[in-house]
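Let's take a walk through this structure, one stop at a time.

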Amino acid sequence: MPSRSFGDHSPSDHASGALCATIRSARRPIPCIPGTPEATLAGLLRHLPFSWALGLSLFTGRGRLRVSAATVVSVLGIGVGVATLTAVLAVTGGFEEAFRDRILGVYPHVVVMSRGNTFTGYEEVAARLGTVPGVAGVNPSTYDEMMISSDEGSAGAIVKGVDLDGVDRVSSLRSLTRGGTLEPLRYEPRRPMGVLLGCELASRLGVAPGGRVTLTTPLRGIEGGGRGPLGMAPSQQAFVVVDCFESGFYEYDSRLVILDLTAAQTFLGRGPEVRWIELRLDNLFDSEAIRPALLSVLSPFTLVDFARDAVAVRDRIDRVIDDSFGTAGAGSVQDLEVAVLRSRQALEYSELGSGPPQRYRVIDWKEMNRNLFGALRMQKVVLALFFLIIVLVAAFNIVGTQLIVARERVKEVATLVALGASRRQLMRVFVAHGFVLGLLGVFVGLGLGRLVVSGIRALDFGLDPKVYLITKLPAVLHWGDALTIAGASAVVVLLSCLLSSWRATRLNPVDGLRKVA
């Protein structure tokens, strides 16, 4: 007699329902010894659906062993994979957060620049920007690349002039200084101008507070902010080092030089001119949403602009009609439709309706550091996909585990088939078993990953700032990353469960019936 698989048995829905009813509502239950698989199954059937109850009962091993060895191996395999993925995402997320915090400790959330060569009249622009809801503070500043030198050496530097009265509204510069104050930096006409250096730059130049450095700029204006007959001329001047700051970001600590805004304008000889206006927001992640409000304050769309656009629309339509008909007028309805289509296209591809010409450009912190944060996000995605392969390999252990379970329980499975269980019901049993097995591994992995992240923080791994830009290995686990890890791992586990349940139900139940006999 040819052997038959589970799929060859297709009992009716009545028979399937009778199976559940027979097991659940037997008036004379079979006596069960406490702690045996039969007792476990009887307890599960009282509280769970049929497929889930049978699936959970498969976790018990042979004899009186509560959990099979294959189950433990599968759970630990998935747990190790999830823990590794959790630690990797925590480290990559920690790098992103560390860079963001250190960059925004010195630099603002948003800068507003003039589209022209000069940015004068910035006081009135700063006052308007300060009225925008969501803006916590504004402050003008200069920004130029120069050469800085001392008796011990020289280096390229970024010289930034800041208004000391408003610098605390846009950055944490004051708290980053070793002395905790910026007052010695304030410009006084009859006193040597002071500079604030990054501590790494000060160490490279071999200077301490009270020492002297020389700034050399290749471009300098003449008094009054104009230019000489041959253009901009280079200039240099000596400054006194008043203190140093340590932001924790190597790029700034090794290159940035801070001056009072008035001192920077005097040294550069450009008059009352700045590079940009810095803004700090109540929520740094609202930089994109607040951009239209900033542009509307900088260049409002007035009635004059509306009237200008209306006149331009009328002139554009008149020009299209003259080109289409001339003095003869429309010859047919089709000619009129063509003229309307051409007029619409002329308006669509024009600059009308785009608002007034923008004199200013708004750049947020994401755009200023697009390359850095873009590379970090790409690295995070690639590493997550790479280490998800470990979870995928561990999830396929479920396939082998369920095949082992199916062979161990072939007698019980054959009995269910004889009672009328369908192939779909048996697949649901094994899917429930495998999915719960995988979820246990995911939760174990998240717990292990949390312990690994805590260990990284406690051990305080040191990094070379010249290579990694920060001094220690960061690790930050966000709820969003944890949910992403759990969701992706659960999907991988579910797919492996579908494969393993299909394979498990292909076993021959005749072997089990022979054991029953």
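Start at Arg-361, which you'll find in strand S9, the stretch covering residues 360–364. Bear in mind as you look that this is a predicted model. Once you set aside the neighbours within four places in sequence, Arg-361 touches Val-111, Val-112, Met-113, Arg-115 and Glu-367. Now look for Leu-295: 66 residues separate it from Arg-361 in sequence, yet the two C-alpha atoms are 8.3 Å apart in space.

Next, let's step back to the chain. There are 517 residues here, and buried ones make up 43% of them. The secondary structure comes to 20 helices and nine strands. If you take the contacts with a separation of 6 or more, 80% of them are between residues 24 or more positions apart.

Now for a pair of helices. Two packed helices are described by the angle between their axes and the distance between the axes. For helix H5 (residues 122–129) and helix H10 (residues 287–298), that angle is about 135 degrees and the axes are 9 Å apart. That makes H5 oblique to H10, because an angle has to be over 145 degrees to count as roughly antiparallel. As for handedness, the H5–H10 crossing is right-handed. Which residues meet there? From H5 come Val-125, Arg-128 and Leu-129, and from H10 come Leu-294, Val-297 and Leu-298. Sorted by type, the residues of this contact are five nonpolar and one charged, with no polar ones.

Asn-139 is in strand S2, which spans residues 135–149, and Glu-278 is in strand S8, residues 276–281. How buried is Asn-139? Its relative accessible area is 0%, so Asn-139 is buried. Glu-278 has a relative accessible area of 2%, so this residue is buried as well.

Glu-278, for its part, makes a side-chain polar contact of 2.7 Å with Lys-160, and another of 3.4 Å with the side chain of Trp-276. Leaving out neighbours within four places in sequence, the contacts of Asn-139 include Val-162, Gly-166, Val-167 and Ile-277, along with Glu-278 itself. On the same terms, Glu-278 is in contact with Pro-108, Val-110, Val-111, Gly-137, Val-138, Asn-139, Ser-141, Lys-160 and Val-170. You've met one of these already: Val-111 was in the contact list of Arg-361.

Finish at Val-467, in helix H18, which runs over residues 465–468. With 55% relative accessibility, Val-467 counts as exposed, because the cut-off for that is over 50%.

Notes. Residues numbered from 1 in each chain as written. Predicted model: local features only at pLDDT ≥ 70, side-chain atom pairs only at ≥ 80, totals over all residues. Heavy atoms only, no water. Axes fitted to C-alpha atoms, helices over the stretch in contact; angles between N-to-C directions. Helix = DSSP H or I, 4+ residues; strand = E, 2+ residues; numbered from the N terminus. Parallel < 35°, antiparallel > 145°, perpendicular 65-115°, else oblique. Left-handed = near helix turned anticlockwise from the far one by under 90°. Contact = heavy atoms within 4.5 Å. Nonpolar A, V, L, I, M, F, W, Y, C, P; charged D, E, K, R; others polar. Buried < 20%, exposed > 50% of the residue type's maximum accessible area, 1.4 Å probe, protein only. Polar contact = N/O pair within 3.5 Å; in protein donor to acceptor, adjacent residues only side chain to side chain.
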